[in-house]
Structure formats: structure tokens, C-alpha cells
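User: I have a model open and want to learn how to read it. Please take me through it one feature at a time.

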Amino acid sequence: MNGHSNAGVPSIHLLQNDYLESYDLQGDRPRKAEDRGACGCCPTHSFMALCLIFLIVLFFISGIALSSLGVFAYIEQKLYGVFLSTSAYTLLTWALIILGGLICLVALFGGYGAFLGHKTVLKVFAILVAVLMVLELTAVVAAFVQRGLIYHSVRSSFNESIVHEYGFDPEQSSALDTMHQKRRCCGVDTYADWESSRWVREQQPGAGVHAPDSCCKTVAPNCGTMAHPNNLFDNGCVSSLASSLRDNLLLLAVIALLVTLLHLLTLTATLVLWNRVRKQLVWEWN
């Protein structure tokens with residue numbers, strides 16, 4: 001071919017070891033990197049590769065955000081987890097923390113494939129993103145289901161703690177005292193709920209105790225003997241706690257859904273780039 005004019009001589013792009021390499025048929029030498037574009041790809045692939053890398057950066061950030069929200073929800077659950085009759089809320093928070101970590105790892109893997117334009121890595125990355133999307137949608141559904149059940153779970157467990165556990169179980173007692181002061185509440189629905197508790201019934205006759213001192217707006221020794229709304233918190237704790245947990249679950253579900261939409265865009269961009277790299281022979285006329 002050296003005896004012919006350079007005009008009209010085709011060049012060919014060959015897939016070597018899963019990378020898109022560009023060869024000039026004139027001398028069978030690789031074309032220079034600046035002729036091939038970014039990521040070892042021909043120029044037409046560069047823009048899509050850059051777009052995918054940008055989405056993968058957001059992908060990585062979304063993993064951090066999801067794990068952070070899971071940690072926040074878990075910390076709050078640790079404070080009040082004794083008032084949940086099931087472990088579903090705890091399992092959901094752990095699932096989000098782990099899912100966020102997996103998202104970060106997959107993002108690093110995908111960034112490697114997008115930067116190099118590696119066909120196999122892009123294919124595996126697309127599969128992993130699809131799996132993550134299924135897990136995220138599962139988490140969204142689980143959050144909404146648990147959101148509907150959380151009130152009854154809290155009410156049942158809280159009532160059990162007041163009636164039977166307070167004053168006899170140190171963990172339950174401490175959690176209730178903390179709840180009263182942090183949320184400025186008392187009892188299930190009102191401070192009068194303490195009248196039926198084992199702890200009040202076993203007080204010394206004539207002591208006149210109506211609620212724990214932690215139910216007092218201003219805590220002082222034996223302040224629980226004055227059963228008056230000016231002295232005791234008159235709103236119950238169940239509605240306050242259940243509302244807070246429901247809000248947390250709604251936030252987690254919305255964030256997980258937004259992350260899923262972002263991952264759908266990432267999956268689409270990955271498949272487009274993979275499809276372009278997959279084409280083994282692309283002729284270009286000089």
C-alpha cells in the first residue's frame with residue numbers, strides 16, 4: 001500500500017483485548033491517541049464517555065448520601081428501638097447503609113470501565129447497576145410498607161413498656177425517661193396512662209405518685225406526685241415517636257427513589273457507550 005496515494009485510504013478500528021484500538025491501514029500502525037479521542041475510543045465515543053463519567057460521579061455521591069441517611073436513621077433507632085415490636089425498621093436502616101456502600105464500590109468499578117472504554121467492564125457494570133436498581137426499588141417498597149405499620153408497632157411496644165417494664169427493666173426505664181424529656185411527652189396518649197402501670201401500683205401507699213419525675217416539665221424530686229397539665233407533659237409519646245419514624249421512612253423512600261432514577265440514567269448511558277464500543281469494525285475514510 002506504500003506505493004499508492006494516501007487519499008481515500010481507509011483506516012480501521014479493531015477491538016483488541018476488549019479495548020477499542022484504531023489502526024491506520026497504511027503501515028498497519030496504531031493511530032495516535034489524540035486522533036482516537038479520550039478513553040482510547042474514537043472521537044465519536046468521547047462525549048458519551050465523559051457524560052457517563054459525570055453520571056458515575058453522581059452515582060458515587062448518591063451511595064454516600066444513602067449510607068449517611070441510613071446511619072442517621074439507625075442512630076435514632078438506637079435511642080428508641082426498644083419501643084419497636086419488630087426488627088424491620090432496624091433491618092431496613094442496615095440495608096440502606098450496606099446498599100450505599102455497594103453503590104460506591106460499583107461506581108468505582110464503572111468509572112474504570114468508562115475511562116478506558118472497556119467493553120467487558122461496561123457490560124458487567126450495567127448488570128450491577130440493574131441489580132442495584134432492583135434492590136433500591138425493594139427498599140422503597142419496604143419503607144412504605146413499614147411506614148404503614150410503624151404506628152401500631154410503637155403503640156404496642158410502648159404500652160408494654162409503661163405497664164410492665166418501667167422501674168424493673170433498666171434499659172426500658174432509661175429509654176422512657178429519655179423519651180419524656182427529649183420529646184416533651186408522657187404516657188401512651190396522656191400522663192394518665194401511668195395510673196395503670198405496675199411501677200405506680202407498687203409505690204408506697206399514700207405516696208401519691210402519678211407519673212415518673214421525667215414526665216415533669218421542670219424535673220425535680222417527687223414532682224410526679226402533682227398530676228396537673230401545668231406540671232406534667234399532657235401529650236402522649238406514641239404519636240410523636242411514630243410521626244418522627246414515619247417521616248424518616250418517607251425521606252428514605254424518596255431519596256432511594258431519586259437514586260434509582262439517577263441509576264436508570266447511568267444504566268442508559270452505559271448501554272449506549274457499550275453498544276458503540278461493541279462494534280468491532282468502523283471504517284473511516286481519510
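User: Is R198 buried, partly exposed or exposed, and what is its relative accessible area?

Analyst: This is a predicted model. R198 has a relative accessible area of 32%, so R198 counts as partly exposed. Buried would need under 20%, and exposed over 50%.

User: Which residue forms a salt bridge with R198?

Analyst: Start with the general idea. Side chains of opposite charge can pair when their charged atoms come close. Here the partner is E202. The closest N and O atoms of E202 and R198 are 3.4 Å apart.

User: How many salt bridges does the model hold?

Analyst: The count is 2 salt bridges. One of them joins D189 and R155, with the closest N and O atoms 2.7 Å apart. D189 sits in the loop between helix 5 and helix 6, while R155 belongs to helix 4, so this pair ties together parts that are 34 residues apart in sequence.

User: How accessible are D189 and R155?

Analyst: D189 is at 38% relative accessibility, so D189 is partly exposed. R155 is partly exposed too, at 30%.

User: Helix 4 has come up. Where is its kink centred?

Analyst: Look at L149. Helix 4 kinks there by about 45 degrees. Then look just after helix 4: G167 takes a positive phi of about 85 degrees.

User: How do helix 4 and helix 5 cross?

Analyst: The general idea comes first. Two packed helices are described by the angle between their axes and the distance between the axes. In this model, the axes of helix 4 and helix 5 come within 10 Å and cross at roughly 120 degrees. The crossing is left-handed.

User: Which residues meet where helix 4 and helix 5 touch?

Analyst: From helix 4 come F158, S161, I162 and E165. They meet Q172, S173, L176 and M179 of helix 5.

User: What does M179 touch, leaving out residues up to four places away in sequence?

Analyst: M179 touches Y80, F83, F158, R184, C185, C237 and L241.

User: How many residues are in the largest nonpolar core?

Analyst: In soluble globular proteins, nonpolar side chains tend to be buried together. The largest such core here has 64 residues. F83, F158, M179 and W194 have the most contacts inside it. Helices 2, 3, 4, 5, 6 and 7 each supply at least two residues of this core. Helix 7, spanning 237–278, gives the largest share, 14 residues.

User: Where does L99 lie, and is L99 buried or exposed?

Analyst: L99 lies in helix 3. L99 has a relative accessible area of 6%, so L99 is buried.

User: What is L99 in contact with, beyond its neighbours within four places in sequence?

Analyst: The contacts of L99 are L66, L132, L135 and E136. Take L135. L99 and L135 are 36 residues apart in sequence. In space, their C-alpha atoms are 8.0 Å apart.

User: Now the whole chain. How many helices and strands does it have?

Analyst: The protein chain has 7 helices and 4 strands. Along the sequence the pattern runs β-β-β-α-α-α-α-α-α-α-β.

User: What share of the chain counts as buried?

Analyst: Of its 286 residues, 43% count as buried. Now take the contacts with a separation of 6 or more: residues 24 or more positions apart account for 68% of them.

Definitions and conventions
Residues are numbered from 1 along each chain as its sequence is written. This is a predicted model: local features need pLDDT of at least 70, side-chain atom pairs count only at pLDDT 80 or more; totals for chains, interfaces and linings use all residues. Side-chain values use heavy atoms; hydrogens and water are left out. A nonpolar core is a set of buried Ala, Val, Leu, Ile, Met, Phe, Trp, Tyr and Cys residues joined through side-chain atoms within 4.5 Å. Buried means under 20% relative accessible area, exposed over 50%, partly exposed in between (1.4 Å probe, protein chains only). Contact means heavy atoms within 4.5 Å. The bend at a residue is the angle between axes fitted to the seven residues ending there and the seven starting there. A salt bridge is a side-chain nitrogen of Lys or Arg within 4 Å of a carboxyl oxygen of Asp or Glu. Axes are lines fitted to C-alpha atoms, for helices over the stretch in contact, and angles run from 0 to 180 degrees between N-to-C directions. A crossing is left-handed if the near helix is turned anticlockwise from the far one by less than a right angle, and right-handed if clockwise.
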